[in-house]
Amino acid sequence: MSKTPTNENAGSHLVSYPKFIWRMCVLATEGNWLFYAWMIALTAVALVGLNAWAVQVTEGMGVTNMSDHVSWGLYIANFTFMVGLAAGGVMMVIPAYLYHDEDMHDVVIIGELLAIAAIFMCIGFVVVDLGRPDRFWHMIPGIGKFHFPVSMLTWDVIVLNGYLLINLHICGYLLYNRYRGIAPNPRWYIPFVFVSIAWAISIHTVTAFLYQGLGGRPFWNTALLAPRFLTSAFVSGPAFIILALEVIRYLSKYKVGDGAIKILVNIMRVTILINLLMLVSEVFTEFYTGGSHTASAQYLYFGLHGYNALVPWIWTSVGFTVIATLLLLCPKVTQKPAMLITACVLAFAGIWIEKGMGLIIPGFIPNTLHEIVEYLPNSLEWRISAGIWAAGLIIYTLAIRVAMPIFTGEVSLKKDTHA
Amino acid sequence: MSEENTSTTTNAISRRTVLKGVGATLGAAAFAKAIAPLTTWAKDQSVDEFLQNHYRELTPEQMKEVIKRIEEDTKKDYGADVTIKDPKPQAGVKFAYALNLSICVGCRKCAKACHVENNHDRPSGNSYIRVLEMKKGSLDMAHGRADYSGPVPKSDSFYMPVQCQQCDSPPCVDVCPVEATWKEKDGIVAVDYNWCIGCRYCEAACPYHARRFNWSKPVVPKEEINPVQGYLSNRIRPQGVMEKCTFCMHRTREGKLPACLEACPTGARVFGNILDPDSEIRWVLENKRVFVLKEELGTKPSFYYFFDE
């Protein structure tokens with residue numbers, strides 16, 4: 001913004017911005033055979049999901065395994081986890097901008113783009129959970145009826161969309177200026193970066209409050225829920241980013257410094273332990289106290305009156321998390337990619353179960369009249385969920401595909417103009 | 001890309017461009033195929049319904065139009081001639097319900113009457129009332145069950161029907177993101193079936209399992225449809241929205257008693273206007289040791305339970 005180097009280079013935004021958008025579109029459809037194969041596979045899965053959703057909208061949500069007893073299922077489970085993933089990206093932003101870590105600064109956009117992709121997936125999971133997606137406009141302030149501030153769901157709408165806009169702005173602004181070959185003006189993005197840090201905390205806190213504030217569901221009605229949400233988000237987020245960085249490292253020519261990965265591992269070492277500590281605290285409170293408030297936890301961990309559909313899930317999660325913790329605590333983990341990747345995959349899968357099915361479903365079992373009706377998602381729900389994951393990965397892949405060449409200066413307005 | 005590069009790779013680029021075009025076409029075709037089921041759904045949607053305003057913002061003229069449209073749709077979809085009214089709360093009336101647990105025998109006639117009166121989906125056997133068979137000696141619902149069978153009453157059990165408690169501090173109303181559910185002046189918690197987005201947050205928030213979701217379009221044979229319908233109560237609900245007990249608003253606001261009360265063979269149910277000092281409900285509340293369910297949650301139910309002894 002400050003000073004335009006030459007007119008032919010940067011010129012007016014009216015010229016350079018459409019050029020930038022067009023260049024991104026071109027970049028997004030270019031790649032090697034692996035890129036095409038990956039994108040085609042993801043598109044196929046996304047379309048299968050879209051088809052399943054079309055069936056669900058037409059036939060009604062009775063085609064899922066949800067019921068009046070377990071009225072939220074795999075969709076809201078994934079939604080909850082996905083909010084954490086979006087918030088987790090901030091664990092790159094903090095070292096990069098608060099501690100001015102150079103290695104992290106080079107790759108921080110990977111985390112910010114993850115936030116964008118994850119929020120799109122969050123919105124997707126909410127939309128497919130609506131019985132009347134055609135009435136989505138009822139939630140738009142002004143033309144609909146936005147029950148703010150009483151309904152926590154309206155807070156969630158605000159924080160999630162706000163977080164999306166902030167990250168779109170930061171990434172868009174930085175990329176556009178890189179493309180134009182101009183140093184970004186800190187005034188136009190640094191304040192937003194700081195807002196995004198606080199905002200990241202807010203998205204997962206508000207999402208926890210959705211559940212935590214319901215007095216009729218003792219399993220969720222604990223003050224520990226929001227802190228645990230955040231801690232687990234700061235495990236799953238860095239875990240996913242490390243995996244993404246490793247993939248970028250192996251499949252592209254972009255340099256990913258060891259420093260960034262080391263910091264993320266150090267963050268995970270702390271957060272995964274705090275998460276385990278909170279788990280122990282929660283389990284202790286439930287089982288030492290006993291009484292009928294413990295029924296959901298009993299159902300989740302050990303089964304209740306012969307019903308135990310979630311028991312294998314949660315012990316898988318506990319096992320994964322414990323193994324991931326041990327691997328991460330091993331000093332050699334940063335030098336052994338196989339070990340690190342295993343640890344990240346296990347941590348990510350462990351949190352996905354715990355913050356998904358392991359959190360949402362027991363809230364409904366037993367139900368508020370203490371009846372036990374079990375739930376496991378059916379194939380249609382898996383297809384829709386896989387479709388949203390695929391769509392999210394499409395967004396993330398394209399975002400990285402577009403961002404990296406611009407970020408590293410490989411593609412720029414100058415080069416495009418001279419070509 | 002530099003000049004000489006372009007010339008040597010022209011063929012490759014054009015091949016790639018062709019492939020991209022083929023890919024995009026195939027993708028678009030697959031997309032159209034994927035969303036094809038929506039065409040059947042879209043056929044049943046009307047612009048008027050889509051644009052319809054919130055219940056509390058409809059003018060009387062608009063309401064008339066809406067009711068006419070819904071009556072016509074019911075005729076078209078179900079073949080039944082129905083009359084939909086929109087009775088308003090009466091001044092000086094606040095409804096309350098009390099249930100005598102000493103004489104309830106657990107016959108579930110109330111649940112059945114609710115099913116018929118409120119045009120519930122037949123295949124699922126839905127009802128706003130769930131009757132719990134509780135072991136004598138405990139009020140903890142953990143020791144009750146709703147799926148009991150065999151002759152009733154069993155000597156070691158008592159029976160507790162549970163339906164919407166029409167709370168004065170209803171968590172379901174608080175959580176709704178679009179104000180599709182609210183408390184009416186006479187204490188009834190209502191749902192605008194044409195405004196609800198079907199997020200089911202209210203169902204998660206309710207501590208009494210009072211809310212039901214229309215998982216599919218309700219199936220009711222033409223001859224079984226109750227043609228006397230209320231806009232906020234027993235009209236046939238659309239697919240994908242919440243519903244709940246309305247204390248039979250279409251009856252009680254016109255001076256009649258709820259269907260569940262009329263069906264009760266033992267007289268365990270007492271219903272009336274809590275603001276009327278001479279009402280039976282008032283007498284029960286003043287003379288019996290009544291209690292409410294889950295009082296510790298602060299929901300302030302308008303539904304009371306009591307024992308004779």
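This is a predicted model: local features need pLDDT of at least 70, side-chain atom pairs count only at pLDDT 80 or more; totals for chains, interfaces and linings use all residues.

Visitor: Okay! How many helices and strands are there in chain B?
Guide: Chain B has eleven helices and twelve strands.

Visitor: And why is chain B called more spread out than a compact globule?
Guide: The globule rule gives 19 Å for 309 residues, but the radius of gyration of chain B is 26 Å, well over that value, so chain B is more spread out than a compact globule. Along its principal axes, the C-alpha trace of chain B spans about 100 × 50 × 35 Å.

Visitor: What share of chain B is buried?
Guide: Buried residues are 42% of the 309 in chain B. As for contacts in chain B with a separation of 6 or more, 65% of them are between residues 24 or more positions apart.

Visitor: Which domains is chain B divided into?
Guide: There is domain 1 (3-34), domain 2 (46-85) and domain 3 (95-306). The centres of domain 2 and domain 3 of chain B, taken over C-alpha atoms, are separated by 25 Å.

Visitor: How many residues of domain 2 are in contact with domain 3 in chain B?
Guide: On the domain 2 side of chain B it is 15 residues, in contact with 14 residues of domain 3 of chain B. Helix 5 (60-78) and strand 1 (83-85) of chain B each supply at least two residues of that domain 2 side. Helix 5 of chain B has the largest share, four residues. By type, the domain 2 side divides into seven nonpolar, five polar and three charged residues.

Visitor: New topic: how many residues of chain B are in contact with chain A?
Guide: 54 residues of chain B are, and they meet 45 residues of chain A. Several elements of chain B each supply at least two residues to this side, including helix 3 (38-43), strand 3 (130-135) and helix 8 (201-205). Helix 2 of chain B gives the most, with five residues.

Visitor: What types of residues are on that side?
Guide: The side of chain B that touches chain A divides into 34 nonpolar, eleven polar and nine charged residues.

Visitor: Which residues touch the most other members in the largest nonpolar core?
Guide: That core has 199 residues, and the ones touching the most other members are A:A86, A:L113, A:C122, A:A347 and A:A403. Helix 5 (residues 102-129) of chain A gives the most to this core, with 17 residues.

Visitor: What does A:A86 touch?
Guide: Leaving out residues up to four places away in sequence, A:A86 touches A:A115, A:A118, A:I119, A:C122, A:Y163 and A:I203.

Visitor: What about phi for B:N119?
Guide: It is near 55°, a positive value in a residue other than glycine. B:N119 is in the loop between helix 6 (109-117) and strand 3 of chain B.

Visitor: Is B:N119 buried or exposed?
Guide: B:N119 counts as buried because it has 24 C-beta neighbours inside 10 Å, and the cut-off for buried is 20 or more.

Methods: Residues are numbered from 1 along each chain as its sequence is written. Chains are lettered from A and ligands numbered from 1 in the order in which they are written. A nonpolar core is a set of buried Ala, Val, Leu, Ile, Met, Phe, Trp, Tyr and Cys residues joined through C-beta atoms within 7 Å. A residue is buried if 20 or more other C-beta atoms lie within 10 Å of its own, exposed if 12 or fewer, and partly exposed in between; C-beta atoms are placed from the backbone. Two residues are in contact if their C-beta atoms, placed from the backbone, lie within 7 Å. Domain bounds come from an automatic or database domain assignment. Ala, Val, Leu, Ile, Met, Phe, Trp, Tyr, Cys and Pro count as nonpolar, Asp, Glu, Lys and Arg as charged, and the others, Gly among them, as polar. The radius of gyration is taken over C-alpha atoms; the globule rule is 2.2 Å times the number of residues to the power 0.38.
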